[in-house]
Amino acid sequence: MSETQEPENGADGREGAEDANGAGGGNVPAPRAQGPEVIGVRKGMFGAAAGGDTSGYGGLVRTVVLPGATSRPYGSYFDEVADELEGALEEQGLVPENAIEKTVVDRGELTFHIAREHLVRVASTLRDDPALRFELCTGVCGVHFPHDKGRELHAVYHLRSLTHGRILRLEVSVPDSDPHVPSLVSVYPTNDWHERETYDFFGLVFDGHPALTRIMMPDDWQGFPQRKDYPLGGIAVEYKGAQIPAPDQRRSYS
């Protein structure tokens, strides 16, 4: 098992970050429940709250449920990975329960939900430990759950071990009022543009990124277009012989 070092100001390098054992305060994410979580009800095809329903499916009502923590045994290679990660963190003086908020096995996939102040250390351990060797992060994407109070914004990382032929996912949740997540570019340089895109579309701020600017939208764009509370609008799309009006100009069914 290998040792890693973190910035002196905390695992994410920001002033006031929590210490290695999770002690701290301030604007921290809300605690995570351990059972399946019903976080809201989605109405209509896309759940848009502004601009009216233009899909014709305004009568659809769906409960939004997030999976809860999975009990051991996890199955497959998941127990081995979890044991090795927890042991490696303990060797570094970190209580695993302070770093790993919950472990979820859902649809045959393994996800570790990580406290943001420990993300860099966990990622470094997953990359460097010989028994883990998750050398490749194929990117980070954002998810917006407006009704997941205190944890509205999620950053999801997909990791792959080329050595052992394994995959897993890391997920970090932060409040909309404090959308800061430590950058993993120092651990996985390929995350550079992915973090910029996630910032561009979701407003997640990756502290420590070498040049966190918009990558798809114009620099002076207001708002974050892939958040679920972003108003429907846009520009009419022209086709040969026809024109499709922008979403906020289409007929509303509600």
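In this predicted model, arginine 166 counts as buried, at 13% relative accessibility, and its side chain meets that of glutamate 80 in a salt bridge with an N to O distance of 3.0 Å. Glutamate 80, by contrast, is partly exposed, with a relative accessible area of 47%. Because glutamate 80 lies in helix H1 and arginine 166 in strand E7, the pair ties together parts of the chain that are 86 residues apart in sequence.

Arginine 169 counts as buried at 18% relative accessibility, whereas glutamate 109 is partly exposed, with a relative accessible area of 38%. Between aspartate 106 and arginine 107, the side chains meet in a salt bridge at 2.5 Å, N to O; here aspartate 106 is partly exposed at 29% relative accessible area, and arginine 107 is exposed at 74%. The count of salt bridges comes to 12, and a network of such bridges links Arg72, Asp79, Asp83 and Glu86.

The strands that carry several of these residues belong to an open sheet of five strands, which has the order E3-E4-E7-E6-E5 and mixed pairing. Strand E3 (100-106) and strand E5 (136-144) stand at the edges, and since each has a single partner strand, one side of each is left without a neighbour in the sheet. From one strand to the next, the twist averages 20 degrees. Strands of a sheet pair through backbone hydrogen bonds, in either the parallel or the antiparallel sense. For strand E6 (residues 153-161) and strand E7 (residues 166-174), the pairing is antiparallel and extends over nine bridges, and tyrosine 157 has leucine 170, in E7, as its bridge partner.

Two helices are considered in relation to this sheet. Helix H1 (residues 78-91) packs on the sheet, where it touches E3, strand E4 (109-114) and E7, and the direction of H1 makes about 25 degrees with that of E4. Helix H3 also packs on the sheet, touching E4, E6 and E7, and the direction of H3 makes about 175 degrees with that of E7.

Within helix H3 (residues 119-128) is found alanine 123, which counts as buried at 0% relative accessibility. Residues up to four places away in sequence being left aside, alanine 123 touches Leu184, Val187 and Tyr188. Alanine 123 and leucine 170 are 47 residues apart in sequence, and their C-alpha atoms are 8.6 Å apart in space.

As to the cysteines, the count of disulfides comes to zero. Cysteine 137 is in no disulfide, the nearest cysteine sulfur being that of cysteine 141, 9.7 Å away. Since a disulfide calls for a pair of cysteine sulfur atoms within 2.5 Å, the sulfur of cysteine 141, at 9.7 Å from the closest cysteine sulfur, in cysteine 137, is too far away for a bond. The two residues can also be described by their accessibility: cysteine 137 is buried, with a relative accessible area of 1%, whereas cysteine 141 is partly exposed, with a relative accessible area of 33%.

How values were computed:
Residues numbered from 1 in each chain as written. Predicted model: local features only at pLDDT ≥ 70, side-chain atom pairs only at ≥ 80, totals over all residues. Heavy atoms only, no water. Buried < 20%, exposed > 50% of the residue type's maximum accessible area, 1.4 Å probe, protein only. Helix = DSSP H or I, 4+ residues; strand = E, 2+ residues; numbered from the N terminus. Contact = heavy atoms within 4.5 Å. Pairing = 2+ DSSP bridges. Axes fitted to C-alpha atoms, helices over the stretch in contact; angles between N-to-C directions. Salt bridge = Lys/Arg side-chain N within 4 Å of Asp/Glu carboxyl O.
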